[in-house]
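I opened my notebook to look up how this chain is built and where two of its residues sit. Here are my entries.

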Amino acid sequence: MVTRVTTPGNYSAVLTNLLSAQQRQIDAGEKVSTGKNGQNLKEYANSSELLTAMRSVQTRVDVYLSQNKLLADKLSTQDTALTRVADSAQAIRQAMADALASGRVDTLVEDIQAQMRNAVEAMNARYGGKYLFAGGQVDTRPVTATSLADLTAGPPISSFFKNDTFKVSAKLDEATTVATGLLASDIGTDMLTALQTFESFNESGSGPFTGQMTAAQKSFLEGQLATWDQIRSDVTQVAAYNGTNQKRLDTVAEDLQTRKDQLTGMLGDITDADMAEAAAQLQQSQLAVQAAAYVFQSLQSSSLINLLK
């Protein structure tokens with residue numbers, strides 16, 4: 001059997017090879033420029049379901065990581081506020097101890113008033129424009145008392161707390177949920193009650209606290225030291241609970257980051273191109289294009305039509 005050799009047939013074969021080589025060059029060039037084996041799921045047909053599932057998990061992990069970062073900032077702000085309240089309780093206790101040591105109470109009321117203001121400001125701390133210790137009433141100032149005189153004006157201590165009983169919970173990951181919300185009334189009721197007791201004594205016949213300390217004032221202040229030790233201890237316990245949540249959050253965040261890194265690596269094994277191999281393929285395809293183009297040019301010069309002239 002004799003195979004006919006025709007110019008159109010030769011052109012068609014060489015042109016097909018040239019176009020195929022050019023496409024391989026384009027594909028290899030895209031791998032080198034993007035570092036990826038493909039640009040869409042269609043190009044990963046054999047692994048498309050696995051990629052979709054892995055990316056879904058990766059998205060969920062990213063959401064938890066983002067939420068936990070915000071929660072970490074919030075817990076840090078709560079820790080700062082709680083530390084201020086505990087420090088104020090300690091400062092009040094110290095002011096009373098100093099007065100007992102010196103026998104004078106010249107600035108005791110002013111010192112305690114300043115510490116009360118500091119503690120109230122801490123209990124009214126905000127994060128993201130929302131009150132931290134207000135429960136669900138995040139737009140309402142949780143503690144309304146501003147001075148010692150407010151505490152003895154008639155309303156009960158509970159009336160100075162405007163928070164509700166809702167305590168915020170946060171989902172750290174698929175399996176971990178913690179109660180991160182704290183209430184101003186839980187933090188400050190004992191403190192305001194003790195301050196009310198102090199101001200009531202100051203306004204009584206045994207007051208006011210000015211100048212040289214009297215025997216009645218000395219006896220009263222000595223009895224208050226243990227109360228303020230307990231208040232500071234209780235607030236410190238609340239701060240410790242908040243710190244436990246911070247530690248738990250850090251542990252979960254580390255686990256989530258590990259999972260994210262693992263998923264990134266697994267996805268990369270499928271989608272990331274072997275750059276050494278891609279570069280070699282690009283070089284080979286470029287040579288193939290050049291060779292096909294050379295053959296095409298040679299075919300033009302050796303056309304049967306030219307031989308018949």
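I began with a definition: buried means under 20% relative accessible area, exposed means over 50%, and partly exposed lies in between (1.4 Å probe, protein chains only).

N202 came up at 11% relative accessible area, so I noted this residue as buried. I found N202 in helix α5. Helices are DSSP runs of H or I with at least four residues, strands are runs of E with at least two, and both are numbered from the N terminus. I then listed contacts, meaning heavy atoms within 4.5 Å. Leaving out residues up to four places away in sequence, N202 touches V109, G207, P208 and F209.

Sources, for the record: this is a predicted model, where local features need pLDDT of at least 70, side-chain atom pairs count only at pLDDT 80 or more, and totals for chains, interfaces and linings use all residues. Residues are numbered from 1 along each chain as its sequence is written, and side-chain values use heavy atoms, with hydrogens and water left out.

Next I looked up T180. Is T180 buried or exposed? T180 has 1% relative accessibility, so it counts as buried. T180 lies in the loop between β4 (176–179) and α5 (184–203). Setting aside residues up to four places away in sequence, T180 touches L71, L75, Q78, V168, S169, A170 and N245.

Last, the whole chain. I counted eight helices and four strands. Their order along the sequence is α-α-α-β-β-α-β-β-α-α-α-α. The protein chain has 309 residues, and 35% of them count as buried. Among contacts with a separation of 6 or more, 73% join residues 24 or more positions apart.
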